[in-house]
Amino acid sequence: MTDTFETHNAELIKCRKCPRLVAWRESVAQTKRKAYQDQTYWAKPVPGFGDQQARVMVVGLAPGAHGSNRTGRMFTGDASGNFLFRALHRCGFTNQPNSDHIGDNLTLTDLFITAVCRCVPPFNRPHISEILNCQPWLQAEVHLLQNLQGYVALGKIAFDGILRMYKAQDVDLPKMVFGHNQYYDLGENLPWLLCSYHPSQQNTQTGRLTEDMFDGIWERVHGMLNSDQL
Ligand code: SF4
């Protein structure tokens, strides 16, 4: 395991362990979306980012094709990120409501944002084998977050990925089922886990995840951090 985020990120962005995803991330970067034809896409694994002293790790699914696969920062430059960062800003976890590109001066307080799969998958669907390949990168970030108290899992795939990471370490977990605003205690001396629907357009445009519902998640996190109570 690396001992700094800098060395971790330097290793991560060189990863080519999943041939299907390497081919896809580079192919998307060649074809591009019309609006971004003049931009050079990142087209590499996307590292987690945020407050390195964070008490909460937010875990998403994977980079968006024209969002973080373009900008190189998680939840940056697409509709999911816009929905996420507006909510985080309303609840005081960021200094601004937008996340447009690296260098936009966005800062996070007490949150670190990452994903179970670091390369954009076709149709937003990584294979289980690819998530497993990526698991050590997540585990390394968990190890580096020395103040970690809890996770927010954005979507069931992130939820399953977090549980899989602990099971791989032979942690005996209670029975858990994904549900929006569902809270779990993973066990003694382990972080808590709060589930949320993913802020994908599929959820936000259909009303499955509303701004009020999402604010409820971040207000709950805020309350837990500030009172150490549920
Ligand atoms: S998904 Fe993860 S393991 Fe696979 S190539 Fe990308 S960074 Fe490497």
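Select Leu 193 to begin: leaving out residues up to four places away in sequence, Leu 193 touches Tyr 151, Ala 153, Phe 159, Ile 162, Leu 163, Met 176, Gln 182, Tyr 183, Tyr 184 and Leu 186. Contact here means heavy atoms within 4.5 Å. This is a predicted model, in which local features need pLDDT of at least 70 and side-chain atom pairs count only at pLDDT 80 or more, while totals for chains, interfaces and linings use all residues. Residues are numbered from 1 along each chain as its sequence is written, and side-chain values use heavy atoms, with hydrogens and water left out.

Buried means under 20% relative accessible area, exposed over 50%, and partly exposed in between (1.4 Å probe, protein chains only). Helices (H or I, at least four residues) and strands (E, at least two) are DSSP runs, numbered from the N terminus.

Stop at Ala 43, in the loop between helix H2 (19-31) and strand E1 (49-50). Ala 43 is buried, with a relative accessible area of 12%. Its phi is near 60°, a positive value in a residue other than glycine.

**Two helix pairs**

Next, show helix H1 (residues 5-12) with H5. Their axes are 11 Å apart, and the packing angle is about 170°. Axes are lines fitted to C-alpha atoms, for helices over the stretch in contact, and angles run from 0 to 180 degrees between N-to-C directions. H1 and H5 are therefore roughly antiparallel (under 35 degrees counts as roughly parallel, over 145 as roughly antiparallel, 65 to 115 as roughly perpendicular and the rest as oblique). To see the contact, pick Phe 5, His 8, Glu 11 and Leu 12 in H1, and Trp 137, Ala 140, Glu 141 and Leu 144 in H5.

On the H5 side, select Ile 128, Ile 131, Leu 132, Gln 135, Leu 138, Gln 139 and Val 142; they meet Ile 157, Gly 161, Arg 164, Met 165 and Tyr 166 in H6.

Go to His 180, in the loop between H6 and strand E5 (183-185). Not counting residues up to four places away in sequence, His 180 touches Cys 195, Ser 196, Tyr 197, Leu 209, Met 213 and Ile 217. Select Phe 214 as well: its C-alpha atom is 9.3 Å from that of His 180, although the two are 34 residues apart along the chain.

Then find Ser 68 in helix H3 (residues 68-71). Is Ser 68 buried or exposed? At 2% relative accessibility, Ser 68 counts as buried. Neighbours within four places in sequence aside, its contacts are Trp 42, Val 46, Pro 63, Arg 73, Met 74, Phe 75 and Thr 76.

End at Asn 189, in the loop between E5 and E6. At 77% relative accessibility, Asn 189 counts as exposed. Phi of Asn 189 is near 65°, a positive value in a residue other than glycine.
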